[in-house]
Amino acid sequence: SLTMCKFTVKQAVSEGYEYPYTLTAFHMLATSAAALLLVRPQPSDALPVMPISIATGLSLTLSNAALMYGGVAFCSMISGCTPATAYLFEQLLGRRMSWTDGLLGALCVSIGSMLCIEGEVT
């Protein structure tokens, strides 16, 4: 489903729609509305999840902007490295006890997602 979203954004951009940030805003609005229908968050829960929420929004914005310059397969492959990047930042910030904690999982997800992506013809 994520690949279909990327194909849709790529198609919109290639047909002349020049506002990937607006698509990002609509995407985040729809995601927020769906989440609010499922779970009512408590105000005390907002601060601990704020950094990851900001990072997710920024990641989505940059991903949509990257589709203006690269193909869907290439952008998907780069997005597949997100778990490894998140793991690296957790290590640098001292949020993990040791370097081996979670390394295998992050590598498996990253390599697996890269292997699942088929190349584009054009």
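Predicted model: local features only at pLDDT ≥ 70, side-chain atom pairs only at ≥ 80, totals over all residues.
**Overall architecture**

The protein contains six helices and zero strands, and its elements follow the order α-α-α-α-α-α along the sequence. Of the 122 residues in the protein, 19% are buried. Among contacts between residues at least 6 apart in sequence, 67% join residues at least 24 apart.

**Nonpolar core**

Five residues form the largest nonpolar core: Val 9, Val 13, Leu 67, Val 72 and Cys 75. Two elements, helix H1 (2–14) and helix H4 (72–79), each give two or more residues to this core. In soluble globular proteins, nonpolar side chains tend to be buried together.

**Second largest pocket**

Helix H2 (20–38) and helix H3 (46–66) are the elements that give two or more residues to its lining. That lining comprises 16 residues, and those nearest the pocket centre are Met 28, Ser 32, Ala 35, Val 49 and Ser 53. By class, the lining residues of the second largest pocket divide into nine nonpolar, six polar and one charged.

**Two residues in their surroundings**

| Residue | Relative accessibility | Class |
|---|---|---|
| Thr 24 | 4% | buried |
| Arg 96 | 26% | partly exposed |

Thr 24 is placed in helix H2. Thr 24 counts as buried because its relative accessibility, 4%, falls under the 20% cut-off. Leaving aside residues up to four places away in sequence, Thr 24 touches Gly 57, Leu 60, Thr 61 and Asn 64. The C-alpha atoms of Thr 24 and Leu 62 are separated by 9.1 Å, although the two residues lie 38 residues apart along the chain.

Arg 96 is located in the loop between helix H5 (82–92) and helix H6 (103–115). With a relative accessibility of 26%, Arg 96 lies between the 20% and 50% limits and therefore counts as partly exposed. Apart from residues up to four places away in sequence, the contacts of Arg 96 are Tyr 87, Glu 90, Gln 91, Asp 101 and Gly 102.

Note on methods:
Residues numbered from 1 in each chain as written. Heavy atoms only, no water. Core = buried A, V, L, I, M, F, W, Y, C linked by side-chain atoms within 4.5 Å. Buried < 20%, exposed > 50% of the residue type's maximum accessible area, 1.4 Å probe, protein only. Helix = DSSP H or I, 4+ residues; strand = E, 2+ residues; numbered from the N terminus. Contact = heavy atoms within 4.5 Å. 1 Å grid on protein atoms, 1.4 Å probe; cavity = no way out; pocket = protein on both sides within 12 Å on 5 of 7 lines; lining within 4 Å. Nonpolar A, V, L, I, M, F, W, Y, C, P; charged D, E, K, R; others polar.
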